[in-house]
Amino acid sequence: MKKILIILLLIAFRGISQDIPSGTLNVLLGPSYNGGYGGLITAEYEIQMLDDNLTIGPKLGFGTTRYNNTEIINDVVVVQENRSSLILNPGLVAHYYFDWLIDDMPNHFDLFAKADFGYWFVFDNDHRTRRNYLPMTFGLYAGGRYHFESDWSLYLSIGFGMSYANIGLSKKF
């Protein structure tokens, strides 16, 4: 696993040194997943691929979650105090735009479906607690974008994933 992570980091740093293709940067804020409460900040970079309506690119989410730890000790359910964890969620994101579905759609609006896939790293200080984290993450969303300037937009998506609702800003490059 460490070798794969090192190889991915080397590829990413090599890509940073190359010309970054034009695209859209989304910076989003939403509640964190895992049945707890907290927040998740996610940065996504969309690069147009294969079709005018399809974008694919990297994403990186960072946030926190707090939850009650529940254990069964001698057939008694024990709820411990709130525990907090840091979350790191690198991955890939794809947007497919459906503006062509609505006749006379104003140019200020975009409608899209979004899918993301990533890995979930959880950092906490409680090594004794056994939790069943699924390390791979997958999300499906529906959303829209309102362009208030030629290269700036408000972004909103709702669905299921690391954060079930995202709101933020988009900057087109």
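**Close-up views of a predicted model**

Of the 173 residues in the protein chain, 32% are buried. The structure is a predicted model.

**View 1. The elements of the chain.** The protein chain contains 1 helix and 9 strands. Read from the N terminus, the order of the elements is α-β-β-β-β-β-β-β-β-β.

**View 2. The second largest pocket.** The volume of the second largest pocket is about 370 Å³. Its lining is made of 20 residues, and those closest to the pocket centre are Thr24, Thr55, Tyr97, Arg145 and Lys172. Rolling a probe the size of a water molecule over the atoms shows where empty space is left.

**View 3. Strands around the second largest pocket.** Two or more lining residues come from each of these elements: strand E1 (23-31), strand E2 (39-48), strand E7 (136-147), strand E8 (152-160) and strand E9 (165-172). E9 gives the largest share of the lining, 3 residues.

**View 4. Classes of residue in the pocket lining.** Sorted by class, the residues that line the second largest pocket are 9 polar, 8 charged and 3 nonpolar.

**View 5. A nonpolar patch on the surface.** The patch is formed by Val27, Leu29, Ile41, Leu156, Ile158 and Ile167. Together these residues have about 570 Å² of accessible area. At least two residues of the nonpolar patch are supplied by E1, and at least two by E8. Ile41, one of the patch residues, lies in strand E2.

Definitions and conventions. Residues numbered from 1 in each chain as written. Predicted model: local features only at pLDDT ≥ 70, side-chain atom pairs only at ≥ 80, totals over all residues. Heavy atoms only, no water. 1 Å grid on protein atoms, 1.4 Å probe; cavity = no way out; pocket = protein on both sides within 12 Å on 5 of 7 lines; lining within 4 Å. Points joined across faces, edges and corners; volume = space filled by probe spheres on them. Helix = DSSP H or I, 4+ residues; strand = E, 2+ residues; numbered from the N terminus. Nonpolar A, V, L, I, M, F, W, Y, C, P; charged D, E, K, R; others polar. Patch = residues over 30% accessible without salt bridge, like charges linked within 9 Å, V, L, I, M, F, W, Y side chains within 5 Å. Areas by Shrake-Rupley, 256 points an atom, 1.4 Å probe, with all protein chains shown as cover. Salt bridge = Lys/Arg side-chain N within 4 Å of Asp/Glu carboxyl O. Buried < 20%, exposed > 50% of the residue type's maximum accessible area, 1.4 Å probe, protein only.
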